[in-house]
Amino acid sequence: MVVLFSSIYSERLGRDRYEMELEEPVELKKLLEHLEEVFPDLKNQSRGGVADRYASHYLCIGHGRILRLGDIITDRDTIEIIPPIMGG
Amino acid sequence: MEGGYWRKILHINLSDGRVWVQTPDEDLYRKYIGGSGIGARFLYDLTDGYTDPLGPENPLIFMTGPFAGTPVPTSGRHQVIAKSPLTGIYGEGDAGGTWGPGLKRCGYDGIIIEGTSEKPAYVLVSEERVRILDAKDLWGRDTYETDRKLKEIHGENIVVSCIGPAGEKLIRLSAIMHDGSSARAVGRTGLGAVMGSKKLKAVAVSGNKKVPVADPEGLRSSIKEVVPTMVQKTFGMKQHGTAGGTVATERIGDFPLKNWTGSVWDKVENISGQRMTETILTGRYFCESCVIGCGREVEIKEGPYTMKGAGPEYEALGTLGGMCLVDSLEAIAYGAELCNRYGLDTISTGSAIAFAMELYEQGIIDKKDTGGLDLEWGSAEAMIEMVHQIGKGEGLGRLLGHGVREAARRIGGRTPAFAIHTKGLEFPAHDPRAFNSLALGYATSNRGACHLQAASYMFEKTAVMPELGIPEPKERFRTDGQGEFVKVCQDLMCILDSLKVCKLALYGGLRTTHVREWLKCVTGWDMDLEELMAAGERIFNLKRMYNVKCGITRKDDTIPGRILKQPRAEGGARGNLPPLERMLEEYYPARGWDSDGVPLKETIEKLDLGWDL
């Protein structure tokens, strides 16, 4: 599977994509826990777990959808990590 | 009631200088809550379909909610209500900052300004007295200068609500601005022009009265429980402001591009809130009682866009940026700063400029009309020049200042197809093709196209409200169940607009349970969910009845063909078209309206709206 980082993250992490093999489908939450281990800067010095940060520090989209932490990600998927949606 | 309100509404007539205080019954407060609800009630009773929005008979109503001046999180907001000179129907806008709590500390829940002054005037309200003063030296000044000047005269403790040159010139896109360079705008529906028509430059307030709270200890303890979660969940907003969502909205096909004809934009990261944080951000500011802190202070030290002031919000980035394809963050910040100083709504102003850019591309207008200006997509110089022209009421800007609906009507031909509005109000920076519920929300919003009158899209992104049947965010492209969903969202937003609690708190986990608890602690009222939601429904229907008096029917409950018939070609909303007619078929019965969009007699009775309707 492929993880794309929008420019604000790619500049911080020094890369704009990350590829990995998923032997079996996993929940997005599990995948993000792995990504935070590989790229600690994703946490942006915040405390707590993925669930505390998701949607307030970053967000994932895939297939044009805002992904939820319970969504299942397969090896064929491409997701993008983008800044959270707030907006006025 | 034991707290939250003073039961005092200040009336000021600028025609004859008369000032008097009305003391409404508790029943009015309980039924209409405050802010938008009480303001709508007064507007309904004082005006009708024939009222000239720029005439002396149109009241300008400033109204606070029960929480203003208390520590309730995000309650430092107030509402301004009048018949809109832009749309000709119900008009309202709200702003954060410190003005609402400032008025409350003077001992008033609201101010109703009637009549027209013979010469420029401003009003100064304190606990002890109300004065109508000569604004000769303020007239013509921009909003930041006006704020500064009034503070020099009356001291730093006053809080100023004022108009800029745009409002003075009755530009229909004009806003009422607050808090000087920590700008907070009542932007929508052209209420700055209503203030200008009264020759009222400013309303300054200065008070120290402690707002009564029925159960201060209970309130403190409830707030203490909620705040940490709210702070955590809105971390991104504090870091990067509302602008922090710019990239995400582009990715999901929500961000407006090229007067609603674009689909994706590889320049969007150039203008994101994150980019602002890295480049021009110098500080952040909070409205009173806020724990989110979305306000931006920015500085551009050199070049053509040198400035120091409030940073652009998401909506300004969407309209002055994406809609015009301007990808210079500095130019957009400068354009938004000009809007603040002239006293212009950034949403309608950016939309009007994008509309003109499309007319220029189509050859409907040319350099003869633009005064030689090359009004091309992406031209920051052209965007800035048009903000100046709209703010001053000069050149092509004079026409655009009437709003896109009226400008299109005057130009004629095929031009109305390029004017993207509902009921005369320009679209904000969220695309109904990305959230079907937004289409229904825009079509039926009482002030014209508005994302905040239902804010349904928030519950299709990350916000939830289990007690109202939204335990998790809803699917944004669904076609069934939207009628009831949007109705519930609109009723809820009427409550928040009346309590004057910031809707961004919904991203922080705000629930109706919190609202009811705070209402009980502040006022002593033990309001169950049914009574609370009935108040929201009552307020929404009252505004609809006002619009019915102004001639609104089902034919007006629509959105432009461009949004209904032309899908986005790429991106996160590719191919989707909102099924508006189908959603309306669900919506009218859910509302208790007839097939023409008029509330049924039994609906009016159920909501105890009164027979005078």
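A: In this predicted model, six strands of chain B form an open sheet whose order is β8-β7-β12-β9-β10-β11, and the pairing within this sheet is mixed. Going from one strand to the next, the twist averages 20°. Within the order given, β9 (residues 159–162) and β10 (residues 176–178) of chain B pair in the antiparallel sense, over two bridges.

Elsewhere in chain B, an antiparallel pairing over four bridges joins strand β14 (residues 295–300) to strand β15 (residues 307–310). In this pairing B:Val298 stands opposite B:Gly309 in β15(B). The two strands, β14(B) and β15(B), form a hairpin with six residues between them, and B:Gly303, which lies in the turn, has a positive phi of about 95°.

Helix α2 (residues 35–46) of chain B packs against helix α19 (residues 482–499) of chain B at an angle of about 90°, and their axes are 4 Å apart. An angle of that value makes α2(B) roughly perpendicular to α19(B). On the side of α2(B), the residues that meet the other helix are B:Gly35, B:Ser36 and B:Gly37, while α19(B) brings B:Cys494, B:Asp497, B:Ser498 and B:Leu499. By class, the residues of this contact of α2(B) with α19(B) divide into two nonpolar, four polar and one charged.

Chain A contains an open sheet as well, made of five strands in the order β2-β1-β7-β4-β5, and the pairing in this sheet of chain A is mixed. Its edge strands are β2 (17–19) and β5 (65–66) of chain A, each pairing on one side only. Strand β1 (residues 2–5) of chain A pairs with β2(A) in the antiparallel sense over three bridges, and A:Val2 has A:Glu19 in β2(A) as its bridge partner.

Taken as a whole, the secondary structure of chain A comes to three helices and seven strands, and from the N terminus on these elements run β-α-β-β-α-α-β-β-β-β. The radius of gyration of chain A is 12 Å, close to the 12 Å that the globule rule gives for 88 residues, so chain A is as compact as a globular protein of that length. Its C-alpha trace spans about 35 × 25 × 25 Å along the principal axes. Of the 88 residues in chain A, 35% are buried, and among the contacts in chain A with a separation of 6 or more, 52% are between residues 24 or more positions apart.

The two chains also touch each other, in a contact that takes 20 residues from chain A and 27 residues from chain B. On the side of chain A that touches chain B, α1 (7–13), β4 (59–62) and β7 (78–82) of chain A each supply at least two residues. That side of chain A has ten nonpolar, eight polar and two charged residues. Two of the elements named there, β4 and β7 of chain A, also have places in the order of the five-stranded sheet.

Key:
Residues are numbered from 1 along each chain as its sequence is written. Chains are lettered from A and ligands numbered from 1 in the order in which they are written. This is a predicted model: local features need pLDDT of at least 70, side-chain atom pairs count only at pLDDT 80 or more; totals for chains, interfaces and linings use all residues. Axes are lines fitted to C-alpha atoms, for helices over the stretch in contact, and angles run from 0 to 180 degrees between N-to-C directions. Angles under 35 degrees count as roughly parallel, over 145 as roughly antiparallel, 65 to 115 as roughly perpendicular and the rest as oblique. Two residues are in contact if their C-beta atoms, placed from the backbone, lie within 7 Å. Ala, Val, Leu, Ile, Met, Phe, Trp, Tyr, Cys and Pro count as nonpolar, Asp, Glu, Lys and Arg as charged, and the others, Gly among them, as polar. The radius of gyration is taken over C-alpha atoms; the globule rule is 2.2 Å times the number of residues to the power 0.38. A residue is buried if 20 or more other C-beta atoms lie within 10 Å of its own, exposed if 12 or fewer, and partly exposed in between; C-beta atoms are placed from the backbone. Two strands pair if DSSP finds at least two bridges between them.
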